[in-house]
Amino acid sequence: MASGFGFPMLSSAEIAESVVQFGIAPVANLRPEDIAKPQPDLLPAVLSRFLASFVDVPGDDEDGQLGFSDLAGLDNPEHHVEAIRVLRLHNKSRAFLESIQFKDFTLADLLRPTPRRVVEVLSALINFLFYREEKLTLLHPIVNEVPDYHERTVELKARIAELQKEIADHELTEQMEEPMAQQLEADVNALQQKVQVYNKQQLALRAKSSAITDKKEEIHRKITQADFELTKHAQENSKLRSKLVKSPEKVQRALEEKKSVRAKLKESEKTAMQNVQEKTATLELVNKAHEKLAKQHAKIQDVQEQLAAAKTVEKEVKARKAKLNDESLAVRSFDAQIVEWQGKVHEMEERLKAKVKERNQIIADENQKLGALKSEIECKLQFLEPREKKVEAMIAKASKLCSEAASVRTAATAEQQKIRAKFDNILKAFNTYMDNINPFLERLEEVGRQLAVEDCSAPRASATSKKSRARKRT
C-alpha cells in the first residue's frame, strides 16, 4: 500500500457499517459483499458524498460548468460534461488523500478500482472520520465555553449603534465649530501679516539703536578728550601764574591769549554740552522705542501662542476626522462580518437539523443491531461457562506447576553455586600444584635430553665395533 498515513486496514463488514454510519454510503443497505466485490460506481459515489459532506465549503456553486474561454476550445462541449465531472472529482479526491498522506491515487483507482484499492481508500477515509470525530469531541468543551453567538451579536449591534451616535455627534460638533475654525484661520493669517510687519519694524529700530550707541560712544570719547585738555590747560595756567611775577608783560600777553583760547574752549564745551543733551534726548527716545518694541514683541509672542493653539486645534480636527474614517471602516467591516455570521449560522442550523435526523435514524438502526447482539452474546455466554471452569482449573494447575518449577529452579541455582565454589577451589589447588611441579618437570626435560644424547653416541660405537669384527673374520 503506497501510503505514509498510519491507519489500520478495516474489514469489509467494518467498512460497510462505518460508511452507513457516517452517511456517505450510496445506498442505505450497503453490504460487506458490495465492498468485497465493488461495482465501478461505488468509489466515485462514496468520494463525492464524502467531499460534499466533510471537505467542500458550504455554498460552493462549482457545478462542473466550464467558462466561455474553456468552452471555445472544445468542438462539442456537451459530450464532455461527464468527463469534466469525473476529472474534477478525481482532482479533489487526490488533493484530499495527499493531504492525509495517501499517495498514488490515480484515475484508474477512481474509474476501475480493484477490491484491494477500494478497501485501502475507504479505510483511509473512515480512519480520517474517526480521527475527526475524536478531535471534535475534544474540542466540544472548549466550544461550550465560548459565549453565545446571539449575545455577541447584540453586543456588537449595541457597540455599532454607540459608534454611529458618536460619529453623528462628532459631525454635528464639527459643523458647529466650522465657522469658528474659519474665523480662527482668518485671524491667524492676519496675525501672521502683522508679525511680518512688526519684524521689519524691529529690524529697522535695531539698526537705529546700533547707530545711536555708536554716536554715544563717540561723544563720550570727545568728552574725555576735553577733560584731558582742561587738566592740561590748568597745569599750564599754574605755570603761567608762577611766571607772572617774573615778567608781567609777557604774562599779560599770554593771559590774553589764554583767555581767547579759554573762550574758544568754553564755546566748544557749550556746543559739546548741547550735543550731549541732544544725544541724551535721542537716547531717551531710543529707550522709549525699545520699551514699545518689547511690548510689541510680547504681543507678537501672544499672537504666536494663539497661532500654535490654532494649529493644534487644526491637528486635532484632522486626527478626529481620520479617527472617524477608521471607525466608519470598522463599522462596515462589522456589518459584513455580521451578515456573514448570520449566513453561516443559518447554514449550520440547517446542517444540524439534517445531521440530527440522520443521527436518530442511525441510532434506531444501531439499537436494533445492539439488541440482536445482546441476545447472541447471552447465548454464547451460557455455552462458555463450563469452558471457563475448565480454564480456571487448568490455570490453577499451571500456577502450581510454575511454583514447583520456581522452587526447583532456586534449588538448582543453589546447587550450581556450590559446584562453582568447589570448582574454583579445585582450580586454585591445581594452579598451586602446577607452580610447585614446574621446576621438577624442567629438570626431567633436561635429564631426558642428556639421555637422548647418550643413546645417540652408543649406537655409533657399536657399529664401529661390528665393522672391525667383520674385517677380522675376512
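Reply: Helices here are DSSP runs of H or I with at least four residues, numbered from the N terminus. The model is a predicted one.

Me: In which helix does K292 lie?
Reply: K292 is one of the residues in a patch of positive charge on the surface, together with K288, K295 and K299. The helix that holds K292 spans residues 248-473 and is α9.

Me: Is K292 buried or exposed?
Reply: A residue counts as exposed when its relative accessible area is over 50%. For K292 the relative accessible area is 59%. K292 is therefore exposed.

Me: Which residues of helix α1 are buried?
Reply: Helix α1 covers residues 12-21, and G23, with a positive phi near 75°, follows it. Buried means under 20% relative accessible area. In α1 the buried residues are I15, A16, S18 and V19.

Me: How many aromatic pairs are there, and what is the geometry of the pair F96 and F128?
Reply: Rings pair if their centres lie within 6.5 Å, and by this rule there are five aromatic pairs. The ring centres of F96 and F128 are 5.0 Å apart and their planes stand at 80°. Planes over 60 degrees apart count as edge-to-face, so the pair F96 and F128 is edge-to-face.

Me: How many residues apart in sequence are the parts that this pair ties together?
Reply: F96 belongs to helix α5 (residues 81-99), whereas F128 belongs to helix α7 (residues 115-145). The pair therefore ties together parts whose separation in sequence is 32 residues.

Me: Is F128 buried or exposed?
Reply: The limit for a buried residue is under 20% relative accessible area. F128 has 18% relative accessibility, so F128 counts as buried.

Definitions and conventions:
Residues numbered from 1 in each chain as written. Predicted model: local features only at pLDDT ≥ 70, side-chain atom pairs only at ≥ 80, totals over all residues. Heavy atoms only, no water. Patch = residues over 30% accessible without salt bridge, like charges linked within 9 Å, V, L, I, M, F, W, Y side chains within 5 Å. Areas by Shrake-Rupley, 256 points an atom, 1.4 Å probe, with all protein chains shown as cover. Salt bridge = Lys/Arg side-chain N within 4 Å of Asp/Glu carboxyl O. Lys, Arg positive; Asp, Glu negative; His and termini not counted. Charge placed at Lys NZ, Arg CZ, Asp CG, Glu CD. Helix = DSSP H or I, 4+ residues; strand = E, 2+ residues; numbered from the N terminus. Buried < 20%, exposed > 50% of the residue type's maximum accessible area, 1.4 Å probe, protein only. Phe/Tyr/Trp six-rings, centres within 6.5 Å; stacked < 30°, edge-to-face > 60°.
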